[in-house]
Every structure is written in structure tokens, then in C-alpha cells.
Amino acid sequence: MSEPILSVSDLAVEFDTYGGTVQAVRGVSFDVAPGKTLAIVGESGCGKSVTVQSIMGLIPIPPGRITAGTAMMNGVNIIGRKTVNGEDIRGGQIGMIFQDPMTSLNPTMNIGNQIAETLIVHRGYSKRKAFNRAIELLDLTKIPEPEKRAKQYPFEFSGGMLQRAMIAMAIACEPQVLIADEPTTALDVTIQAQILDLLADLQRETNMAIILITHDLGVVARMADEVLVMYAGQMVEHGGVDDIFYNSGHPYTMGLRAAMPTNQPGIDARLTPIDGSPPDLFHPPAGCGYCARCPHAMQICVDNPPPTYTLGERHETRCWLHHPDNNTQVEGINKAVGSSP
Amino acid sequence: MNNLVSIRNLVKYFDIGPNQRVHAVDDISLDIGEREIVGLVGESGSGKSTLGKAIVGLHDKTSGSVSFKGELLPTKYGPQDFQRHATHMQMIFQDPYSSLNPRMTVGEIIGEGLRLHRQLPAATVRESVAEWLERVGLEADHMSRYPHEFSGGQRQRIGIARALILEPEFVVCDEPISALDVSVQAQVVNLLDELKKSMGLTLLFIAHDLSMVRYVSDRMAVMYLGSLVEVGTANELFFNPKHPYTKILIGSNPEPDPKLERQRPSTAIEGEIPSPVNVPPGCRFANRCPKVMDICHHTTPNLISLVEVDNADAAPRDVACHLYT
């Protein structure tokens with residue numbers, strides 16, 4: 001693994017609400033290297049979007065609050081900073097695309113000017129130069145007739161085309177990291193395939209790192225080099241994509257796989273749902289966040305948060321089943337080779 | 001197997017201006033057998049939901065017919081028709097957030113059908129609601145709560161209880177799991193499966209998650225721009241698609257298996273679904289089809305039964321494509 005371009009450690013984020021303080025992210029660490037894709041997976045409310053939004057400085061403060069953690073990029077902690085060496089981080093060094101392309105663009109501005117705005121603000125381009133570059137970017141994201149399209153407004157674009165336009169905007173300043181927050185969730189599968197291919201092509205050309213947030217394990221299998229599985233605001237497992245799919249060390253990761261149909265002829269195993277629902281993050285459980293839904297939960301899981309166990313090179317999990325004194329063998333769970341407190 | 005629902009040449013157009021109409025459903029014929037689950041797939045804008053709503057009478061039909069147990073259903077439903085048919089045909093909606101009235105308690109929502117259609121005393125309705133809440137995996141004392149107190153998966157269970165309390169024979173499930181998380185999707189799918197078995201339900205299961213539809217359905221029907229392009233048994237159609245569109249649709253569905261995904265070439269095709277306002281003549285898929293021929297641009301292919309020369313035992317398959325005529 002080459003040097004990471006972005007490394008996040010122990011990030012914790014809280015939100016004050018009328019109902020109390022929500023601990024949305026409770027100590028998350030990960031890193032991503034140039035040219036690699038990290039997928040962050042987990043169900044709604046597990047903190048995956050909040051994690052990347054706090055790196056981007058997009059969470060409203062107040063009510064939000066980053067209580068701990070660092071995000072190091074090129075040797076500088078970018079949490080709470082707007083610029084590094086005079087250059088904007090947001091939109092400059094890190095680009096971001098959002099889930100819903102229909103509502104994330106300004107309906108009163110034509111597409112070309114919206115892309116050009118990024119270049120005018122971050123790169124100091126003249127209006128004309130920026131607009132011409134916007135046309136090139138639309139061409140790069142494979143939008144047909146880019147000169148004509150640049151003068152059109154969002155309502156004249158389809159969902160897939162808008163997502164391309166948003167990608168064009170995000171890569172306008174040639175970011176080192178591209179954060180894609182559920183980029184294809186609102187799109188049909190045939191359009192999803194086009195957008196995923198486009199992201200992979202752009203990554204090959206520019207060697208940017210991609211952080212892909214998704215809940216679709218099919219998309220993860222297609223795109224990711226490494227996977228971070230989150231649950232209740234914490235990392236439960238992190239590893240290479242093959243480790244996560246074939247050599248998983250956490251009951252939640254295995255539960256997600258068992259809850260999806262496999263597309264193999266002749267295999268029609270009944271789906272195994274994960275019963276219950278995620279814990280209330282106003283009062284996160286003292287022990288493991290998953291213990292209330294875990295089929296292998298033990299008393300220690302309720303009382304104490306599990307430490308991180310190392311299962312292999314760049315493969316780690318937080319689960320008490322890996323404790324050396326645990327004698328319960330769970331099918332499919334491999335014993336840890338070591339642990340870090 | 002007897003047909004429970006027979007759809008014949010069903011057409012639904014929406015007028016949107018002078019001489020302009022959306023061809024949402026265009027000449028669809030489909031039979032749904034008793035106790036069968038038919039999965040309906042297609043991209044957004046292909047007319048899946050419109051077809052589902054037209055079948056249960058939530059949309060008036062422009063032309064064509066739907067019959068239920070041999071009885072022809074009205075083209076345009078009046079209040080009496082709903083009164084009569086709602087007891088045996090029901091619908092489960094996609095969005096569990098907007099399809100439940102926020103000002104009604106869960107008990108009122110689920111019991112409304114019984115009150116309107118069966119004129120039962122309040123105490124009997126309450127008992128029945130309590131029983132159904134438990135059948136769908138909630139608790140009887142949830143009936144005095146309001147929808148906002150429930151999670152998405154729980155709300156979908158409320159929607160299911162509301163649809164099934166009248167013990168219908170046929171239920172249209174319009175993307176019942178799309179708005180839910182993976183772990184909860186399996187809960188809802190298994191619940192539908194159990195209820196189907198215990199009540200002998202027939203389902204039209206509309207969804208765009210192809211793996212889930214294959215898992216749930218006995219047969220699958222693929223729609224493109226208002227018409228059916230392929231119908232067949234779920235496993236046959238999924239693993240051996242015939243129509244070029246079905247092949248692309250299934251090929252675009254990423255598998256949750258990294259080794260398989262690395263070997264698989266990209267099947268992405270150019271272009272997007274055309275506007276249903278100006279429907280092209282000939283085959284509707286012609287402008288995106290990798291195997292397009294001259295005939296496709298001017299002659300509309302009919303849905304025909306495919307006869308496999310080398311395999312007489314093959315499951316029945318209907319395809320609308322000139323490659324097979």
C-alpha cells in the first residue's frame with residue numbers, strides 16, 4: 001500500500017438536538033491511498049455521511065460538534081480548516097458528489113456556469129476561460145453535445161446526466177480525493193453501470209483516491225479496493241474487499257451478506273434478516289453497538305466495548321469473539337492473530 | 001394453474017397538453033396465476049407503477065381490460081366499485097413515510113378497511129388490528145401510536161397489515177422494500193413470503209432490485225417504455241435472458257461478489273430511456289440496442305412464445321424481439 005493521501009483517526013462527531021445529544025460518529029479511523037477506492041458501508045443512521053461531511057467541513061456547527069479526531073492530508077490536519085497553503089480544501093483538494101443530483105444543483109443557473117463557478121472561485125479563472133473548461137469537463141464525463149448542454153438548466157437534464165454534471169463539477173479542480181456519497185442510489189441500474197464505469201475511468205486517468213459511501217454491496221464488490229463497515233457510529237470491520245466478502249470477521253458484516261440474495265443458479269437459501277433495529281445514539285450502548293441484534297452476543301458484549309483485533313494485513317475488526325479466551329467457535333469467523341488495545 | 005388476474009391489451013395514456021400524451025402503459029397483456037408471485041422489473045419511467053395502479057383501479061384505463069377470476073373489472077372505478085373490489089385486491093406502497101396518514105393512529109390506519117368494508121363493531125376491529133399487528137411483527141399496544149413513532153421497516157409492516165387485514169386474494173406490492181436498509185429488506189421479504197404461504201396470496205411484486213425480484217418471484221416480467229419485452233420463470237429469465245434489454249438490465253446489476261465482478265466485463269450501454277411522450281416507431285429499445293437491425297426501426301415486435309428447438313421441456317418464455325421471429 002502506498003502512502004495514504006488522506007488519513008482520518010478517531011473522529012467523533014456529536015449533534016445537539018432538543019431530544020439530547022446524538023453521538024453520530026464515535027471514533028472512526030481510516031485512510032485512503034491515491035488511485036484506490038475505499039467504500040464505507042452501513043445502514044441509514046450509522047454515521048457514514050456525517051463522517052465524510054465533517055472531513056469536508058459540511059456539518060453545521062452548531063448544532064454539530066467535532067469532539068475529537070484528526071484528518072491528515074499532505075501532513076496537515078484539515079479538520080476545522082478552510083484552506084491549506086492558501087488553497088481551499090473543500091472543492092479544491094477534495095471534491096464531493098452527492099446522492100440526489102436532482103436537488104443538489106442550483107435550478108436557476110445553467111450547468112456550464114455552475115461548473116465554471118468552481119474554477120472561478122478556486123482557481124481564479126476568468127469567466128470565459130472557466131466556461132470553456134466546463135465544456136471540456138462535460139465532454140470528459142461523456143455528456144453528448146457539451147457546448148449545447150452547458151447552456152441548459154438542470155431541469156433539462158435526466159438524472160444520469162445530472163450526476164455526470166455533478167461529477168464534472170467535483171473533478172473541475174483536479175482533486176486528490178473524491179468523496180462520492182451514494183452517487184448511484186437514486187439512479188437505475190443501467191445508468192448506475194454507466195456512472196460507476198465513468199468514476200473508474202476518471203480514477204485511472206487522474207489517480208485520485210475515491211471514498212465511496214454506499215449501502216449496496218454489489219457496488220462495493222464492483223468498485224472498492226478496501227471496505228470500512230460502520231455500525232452505530234463506529235467501525236466494526238475494515239479490510240480489503242476480498243477479506244470483507246470472503247473472510248469476514250464480524251457478525252454484522254456476515255449478517256449483511258446473509259440478508260441479500262446470492263445470484264447463483266440453484267442456490268436459494270432463505271434470506272436471514274438481521275432482527276431488530278440499530279441502537280439509539282442518544283444513549284449509545286455501553287458495550288458493543290451491535291450486541292442487541294447479534295446472534296452470538298455474550299455478556300461481555302453488553303458490558304464492555306470490544307477492542308480492535310487484527311485479523312491480517314490491513315484487516316481489523318471490533319468484536320469480542322476474537323478474544324483469545326473466547327472458546328465459542330462461530331462458523332465463518334476466523335480467529336484473530338493479534339490485538340491492539 | 002388457473003389465472004386469477006388476466007390483463008388484456010391494457011393501455012394507460014396521460015394527456016399532458018394539446019396532442020401530447022404520455023404513453024405510460026401501452027398494450028400490455030399478462031396473466032397472473034393463483035398463488036403466483038410475478039415480479040415486474042424495469043427502469044424508472046417504464047410504467048411499472050402505472051400498470052400496478054391501473055390493475056387495482058387507482059388509475060382509469062385508457063383501453064383494454066383487466067379481469068379478476070373471470071369477472072371483467074370496470075374501466076373507470078366509481079365509489080361502489082372500490083367498495084366491491086377493494087376487499088379482494090389491495091396495494092402496498094413504496095414509500096412508508098408518505099403513504100401513512102400522519103394524523104391517524106396506527107390502529108385507525110390498519111382498521112380503516114374493516115370499518116369501511118365490513119361494518120364491524122369497534123371492539124371487533126380493535127381485536128383484529130391487534131392480531132394483525134402481531135402477525136406483522138409489531139406489538140398490539142402500538143395501535144395507539146402515530147406513524148412518526150416508527151422506523152421505515154416498521155412503517156412498511158403497518159402498510160402490509162393495512163393491505164392484508166381485509167384478507168385480499170391479490171396484492172400489488174409497489175416497490176415495498178426500495179426505501180429500506182438491506183438488513184430490514186430481508187425482514188419484510190420474509191414476512192411477505194410467510195403471509196403469502198399462510199393466506200394463499202397472489203402478488204404482483206414491482207421492484208427494481210433484480211436480485212431481490214428473482215429471489216421473491218415465481219415468474220418475472222420485464223418492462224421497457226410502457227411495454228413488456230420479456231416474460232418467463234424467474235430463474236430461467238435471470239440466468240438465461242433472451243431479450244437484449246433484459247441481458248443488459250441483468251448484466252448491469254452488480255453482484256455482491258468481488259471475484260466475479262473483477263472478471264465481468266462492463267455491460268454499460270450508451271443512452272437513456274427515451275421520453276414516453278414521443279415514442280419511437282418500431283421497437284422501443286432500438287436506439288440503445290446493441291443488436292439492432294433495420295426492421296427494428298419501423299416494425300413493433302410482438303410478445304411471442306419462444307419455442308426452443310433443442311429443448312422441448314424448456315419453461316415457457318415470451319419475448320418481444322425481432323431476433324426471435
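Trainee: How many salt bridges are there across the interface of chain B and chain A?
Mentor: The rule finds 2. Bear in mind that this is a predicted model.
Trainee: Which residue does A:Arg222 meet in a salt bridge?
Mentor: B:Glu261, through the side chains, at 2.5 Å from N to O.
Trainee: And how many residue pairs are in polar contact between chain B and chain A?
Mentor: The count is 9, with both residues at pLDDT 80 or more.
Trainee: Which element gives the largest share of chain B's side?
Mentor: That is α6(B), with 8 residues. That side of chain B divides into 17 nonpolar, 10 polar and 14 charged residues.
Trainee: How much area do the two chains bury between them?
Mentor: About 3,600 Å², with 51% of it on carbon and sulfur atoms. Chain B puts 41 residues into the contact and chain A puts in 43.
Trainee: Which residues of chain B lose the most area to chain A?
Mentor: B:Val182, B:Pro256 and B:Glu272. Together they make up 18% of what that side buries.
Trainee: New topic. At what angle do α3 and α4 of chain A pack?
Mentor: About 115°, and their axes are 8 Å apart. The crossing is right-handed.
Trainee: Which residues make that contact?
Mentor: From α3(A), they include A:Ile115, A:Leu119 and A:Ile120. From α4(A), A:Phe131, A:Leu137 and A:Leu138 are among them.
Trainee: What's the breakdown by class there?
Mentor: The contact has 10 nonpolar, 2 polar and 2 charged residues.

Notes. Residues are numbered from 1 along each chain as its sequence is written. Chains are lettered from A and ligands numbered from 1 in the order in which they are written. This is a predicted model: local features need pLDDT of at least 70, side-chain atom pairs count only at pLDDT 80 or more; totals for chains, interfaces and linings use all residues. Side-chain values use heavy atoms; hydrogens and water are left out. Axes are lines fitted to C-alpha atoms, for helices over the stretch in contact, and angles run from 0 to 180 degrees between N-to-C directions. Helices (H or I, at least four residues) and strands (E, at least two) are DSSP runs, numbered from the N terminus. A crossing is left-handed if the near helix is turned anticlockwise from the far one by less than a right angle, and right-handed if clockwise. Contact means heavy atoms within 4.5 Å. Ala, Val, Leu, Ile, Met, Phe, Trp, Tyr, Cys and Pro count as nonpolar, Asp, Glu, Lys and Arg as charged, and the others, Gly among them, as polar. Buried area is the accessible area (1.4 Å probe) that two parts lose on being put together, summed over both. A salt bridge is a side-chain nitrogen of Lys or Arg within 4 Å of a carboxyl oxygen of Asp or Glu. A polar contact is a pair of N or O atoms within 3.5 Å; within protein, one must be able to donate a hydrogen and the other to accept it, and residues adjacent in sequence count only if both atoms are side-chain atoms.
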